[in-house]
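Subject: Structure for you to look at

Hello,

Here is the structure I said I would pass on. Please open it beside this email and follow along; my notes come after it.

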Amino acid sequence: DAAGTHRASQPGPGGGSEVVLPIDSAVPPPPGGLSSIGLNDINNGVYPVQIGVVNQSNGAFLGEPLTTYLVWVPTPSGFPKLAVSWVLPVHAAPVLTPSGEPGRLPAGTVAALAGQAEVLQAHPGEPVSVIPDPQTLVSLSAAGSSGRAALTTLAAVAAGPDQVLPSPYVALDLPAMEAAGLDGEVRTQLRAGASAMKTTLQASADPGTWAVDGPLDASTAGMLEDRGVARLVVPDGDLSPLPAGQQTTFAQPTALEPPPGGNQASPRAISVLGADTKLDHHFTNTGDQVLQADQFLAELSMIETETPSEQRGIGVLTPRSWDASTTFIATVLNGLHANPLLQPMTLDQLFASVPPATISPDGVRLFGRGVAGRQRHRGPPGGLALSVLRQRHAMVRGEPPIVAITRRQRVQ
């Protein structure tokens, strides 16, 4: 309001409220604070908030308004927080010499990787699970002083509270290689990946936990089990469907059923967590990264409010197509600090603290991508598409700009 006046909250037809704040900071805001729009100690929740500059003469927005979210938790609930395990790859597009050896990374790529490592190092209280790409690590070691400095920071991250997950030296189609009888090459790539991490980071990845966002089937999961893998994270669309009637986000580890031909009588050693792929749409390479991070945190908070009295945990597999944004990462980690609803933790911590669910007597199945060429089943796209909420909750003048919603109100 450029005139330097203010209006108190006005009730909207849908039960929301409009609050007009003056641009002139010398003019006091409306009395009553958030309580003037109905927020108090008993209506905890996540509320979309539309922010825009309005032309006082005609009431029209000047430019495109943005939609962010208010997480309202004035007093501790006493319920367990939602465990959040964020799997974050540290990788860059490979650069190879004519002989096939790792080449020198561009200076901008080195700077981006260094920035990502510095953000992680600056947030020891918000642990994540990191997958350093071994080929990227080797390329950093050949990138001069700036590359070696980035490796030093990454080594400090690996030595801290963050969990380091294993990775083969290059990305592999495990089912295809097993079907082709190339088990020996798989073992070679796994050893090469472990050796690169040890040489460049002076760290060893946890061999018992794997995050796989690539081809995998029941047989190759058995191969990983033979190598000591006891905890597995895959996209939720790679697992057998949930029972009919599931009304909330499934956010617990569960057992992986024995592979065909395996010992059906023995208990399965692998626990599996289906990472929520409906969160993928927050990882974009365009747009305001602070706003994207805020919306990501809001959706996680919505998941927590579905069944707040239950101990649950969500896994987030960062898409490898995402160009890691230090702004996004820092905003999320800052938002997780002392969060009243969300508890950041490593994958191992999640598996240890969240009770496993029993979906069927045998456990869940892997779909088996790769060998048969089956495409990933991700279900309906988008989940709660927070970035386009205005299409369904058109919070414009005359309609409520603050609306209580749940994550199950899908936006198509």
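**Salt bridges**

The structure, which is a predicted model, holds three salt bridges. As background, side chains of opposite charge can pair when their charged atoms come close.

Start with Arg231 and Asp206. Their closest N and O atoms are 3.8 Å apart, and the two residues form a salt bridge. This pair links distant parts of the chain: Arg231 sits in strand E9 (residues 231–235), while Asp206 lies in the loop between helix H5 (183–201) and strand E8 (209–211), and 25 residues separate them. Asp206 counts as buried because its relative accessibility is 18% and the cut-off for buried is under 20%. Arg231, with a relative accessible area of 22%, is partly exposed.

Arg231 also meets Asp348 in a salt bridge, with an N to O distance of 3.0 Å. Here too distant parts of the chain are linked, as Asp348 belongs to helix H9 (residues 347–353) and is 117 residues away from Arg231 in strand E9. The relative accessibility of Asp348 is 23%, so Asp348 counts as partly exposed.

Taken together, Asp206, Arg231 and Asp348 are linked in a network of salt bridges.

There is one more pair to find. Glu306 and Arg312 meet through their side chains in a salt bridge, 3.4 Å from N to O. Is Arg312 buried or exposed? Arg312 has a relative accessible area of 4%, so this residue is buried.

Regards

How values were computed:
Residues numbered from 1 in each chain as written. Predicted model: local features only at pLDDT ≥ 70, side-chain atom pairs only at ≥ 80, totals over all residues. Heavy atoms only, no water. Salt bridge = Lys/Arg side-chain N within 4 Å of Asp/Glu carboxyl O. Helix = DSSP H or I, 4+ residues; strand = E, 2+ residues; numbered from the N terminus. Buried < 20%, exposed > 50% of the residue type's maximum accessible area, 1.4 Å probe, protein only.
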